[in-house]
Amino acid sequence: MAVAPAYAQQATADTASTVASGAAAAIDLERIEVRAQREAQIRAVELKRDANGVQDAVASDSMGDYPDMNVAESLQRLPGVSVTRDQGEGRFVVIRGLDAALNSVSIDGIAIGTPEDSSRAAPLDVIPSESTERLRVIKSATPDMPGDAIGGAVVVESASAFDRDGRSLKGKLEGSHQELSGETSPKAAFNYSEVFGGTFGVALGVNYQKRKFESDNTEVEYDNFDGGADDDLVAVDLQHRKYTIERERTGANVNLDWRPDDANRYYLRTLYSQFDDAETRQRTIFGLGDGEITALGGGRYQVDALPADAISKRMRYRTKEENTFALSLGGENRLTGAVLDYRIGYTKTRERVNDEMEARFDYDGDDMSATLNQNSGIPGLSLSDSGWMENANYAFDRVVISPKQIDDSERSAQVNIRFDGDNASYKFGVLGRWRERDVNVDEAELRTGPAVDLSSWNGKTLDHRGGSLGQGMSSAAMRAWWAANGSKYSAKSGDVAGNLMTSLEEDYVANEDILAAYAMGTWDIGALRVIGGVRVENTQFNATGNDVDIASDGKTVSVAPRTANSSYSSVLPGLHLRYDTNNNWVLRGSVNKTVARPAFGDVSPRLAVNRDDEEARIGNPNLDPYESTNLDFSFERYLGDSGIVSLGLFHKSIDGYIVQTVTDNDPQYPGFDVTRSINGDKAKVFGAEFNWQQQLSFLPGAWAGLLLGASGTWLDTDFDPGIAGRERDDFNLPRASKNIYSAHIGYEWGGLSTRLAGVYRSEYLDTIGDSRAFDIYVAPHTQLDFSFDYKLSKNVSLYLEASNLLDEPLELYQGVRSHTLQNEEYGRTYAIGVKVAL
């Protein structure tokens, strides 16, 4: 990657000093030394020190130091930040243990939406790291920032030509190899920037990655069984799943800047990312709960009279397309006594899953018995008959089609004006955001049509780390069959009502308009900076969903539209203090209020009532937003130009924390199992953050190239979900890990740059069940990655990266750690590539 001249000069000066002290071997390397890690630390430390609030940052150069596939994985290196993963890749960013839906995410100053059908969480795996210049996580928002940042604000910034000096050309070619699949995949990136005439800048970039990989997944469901003790839970359902995935990422950005003089500047920022996923999932399901279970002791169980159709095989194929487009156009004018800045923006996020289908088959053989061993994490299973392994022994059951389309777009406009005095400034601004969402989630079961001989789909038998899936199936054969025969299938009469419900109950159209205004003052009193102000945000929400009611006969169904409107205002004051001693100590403190709006799926006016099954799922348009009062304190000691040691303390008190409840005593539907989201009681979060990073430049000779760093976050949370029957239970906040640690050791000398980095997060509560035995947790996880970079010449370097070196799976468990609910393994990934910078 390109290097800013000031940093390059510093690196050369350091090298020259080393040569003068006697390290003559460094003379030839001095000309090509880049020290990318150190420069990245310098830029990140500068961003942190200059910030008015509490924030951490990742600078562009450091993205080459990690084997990071996307923005989410680049951010996980920061203190207090962890990620939730999908297929082994970071997807959602969790800040200080709070749900990703409580963060705001913006690209070049404008908020982006989400392709998720019900949540507000914005996935960051759709944005390649190469499309960005800086990433910031702001943990204490000032009044001039949008207030929807209870967790924090993730700010993604793409490059300006004025970030660099003169013309810059950068290119990358890479090949990566996944251990589990044995596949090798390409990646390429190109970036160009140039300033013309000192006033007009162009920066553009394109990147592409195609990954073929696999994952081995085992999922288990535990429950009580007849004759068993109340605390003896057995695996009533065991599934082995094999995922084969081909994933493509394409990113592009074009940024224009015009700076005709020192007082005026104008810019256009555009960023586009495309995420295409073709996935085949094969799974074999063992419905052990259909048999007669007897405890043998020592974690072993006998299953007798297991019906043949308790074993089934399924194959699903789908392509998913997600794309994000962000455009912002704005400028800044320095007037007499004032600075005016303005921006208009547009973002659009969409998802298309138009071809999802799953073919299901039941074993058509003799009843059998089984032995189950629950002494290891994944239960071991032994069946009395091996006929279940052959595809020829399965009978066609049904096809399930599940298309989905989501569109999320937002237009925005903002204006800010700042009046500067000798030791004070006053800033005022307004922001309008107009968001539209259209969600269409369908599903239909088709059981009437020609029978299928599953042996005609025979394919390669796939290895699986958790156990055998039996004979393999060919996704290509299934798709060819569906293309020729799909029109011949229809729903059984008894499925029509249920299909209509699943097709309509999750659909909605929503509009959300936000108008915000703020006033903020900044006063410099010696070494103390005081920032105070208030922000007011008014939210207008309206949505249309469906009222779907299946009669008690299970066949008659009525459908009617449901609409809802709401309006509320949030007053968000804030006070921030920053004390810079100018001798490398910075102290910060803040108190402010932030807000998070309910998830679209929770607040949309949807109603699905199945009187035959006595179930109801109800949207709740009366939900109030989350409101949080936040306290932050931090103590920062800067060590030279690239080192820091800091300690932060924070507390959040969140009113109206939203939880999903299931009750059978709803007055509107007595005796029904009613699922509805409600505002629960207050949630509290207390935490501490520690961060240290430093180059050991005080050491003699080549030892001065060592770079070390470590960070830790400790959380204590308290939460009452208000679930009947669990009043005496203590709960941690869902998705909040108590401990998050990261550490790295790097080395840079001459043309060599290498780094070993690890991130650990402790377990967290994912889903609250009817009792402790049915709570679902995500197990602890450690990510260890390695990178090696060597300069072959002034402009060319060769690099090697290795990720998931510990081969850590994603693991969930039910109640206790020995009851593994899900275990998904991905294997290690290695990459080798070449970078060119001109």
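Here's a quick tour of a predicted model, from an annotated domain to its cores and a few strands.

The unreviewed UniProt entry lists residues 351-805 as "domain: TonB-dependent receptor-like beta-barrel". Over that stretch the chain is 59% strand and 5% helix, with the end C-alpha atoms 32 Å apart.

Now the packing. The largest nonpolar core has 40 residues, and Ile 311, Phe 361, Leu 383 and Trp 457 have the most contacts inside it.

Strand S44 (residues 810-814) deserves a look: five of its five residues are buried, so the strand is largely enclosed by the rest of the structure. Leu 810, Leu 812 and Gln 814 cover one side, with Glu 811 and Tyr 813 on the other, and all are buried. S44 and S45 form a hairpin with five residues between them, and Gly 815 in the turn has a positive phi of about 75°.

Here are some of the strand pairings:

| Strands | Sense | Bridges |
|---|---|---|
| S4 (residues 103-107) and S7 (residues 152-157) | parallel | five bridges |
| S41 (residues 776-778) and S44 | antiparallel | three bridges |
| S44 and S45 (residues 820-825) | antiparallel | four bridges |

As for individual partners, Asn 103 bridges to Gly 152 in S7, Tyr 777 to Tyr 813 in S44, and Glu 811 to Asn 823 in S45.

Notes
Residues numbered from 1 in each chain as written. Predicted model: local features only at pLDDT ≥ 70, side-chain atom pairs only at ≥ 80, totals over all residues. Heavy atoms only, no water. UniProt positions renumbered as here; feature names shortened; annotations may be inferred. Helix = DSSP H or I, 4+ residues; strand = E, 2+ residues; numbered from the N terminus. Core = buried A, V, L, I, M, F, W, Y, C linked by side-chain atoms within 4.5 Å. Buried < 20%, exposed > 50% of the residue type's maximum accessible area, 1.4 Å probe, protein only. Pairing = 2+ DSSP bridges.
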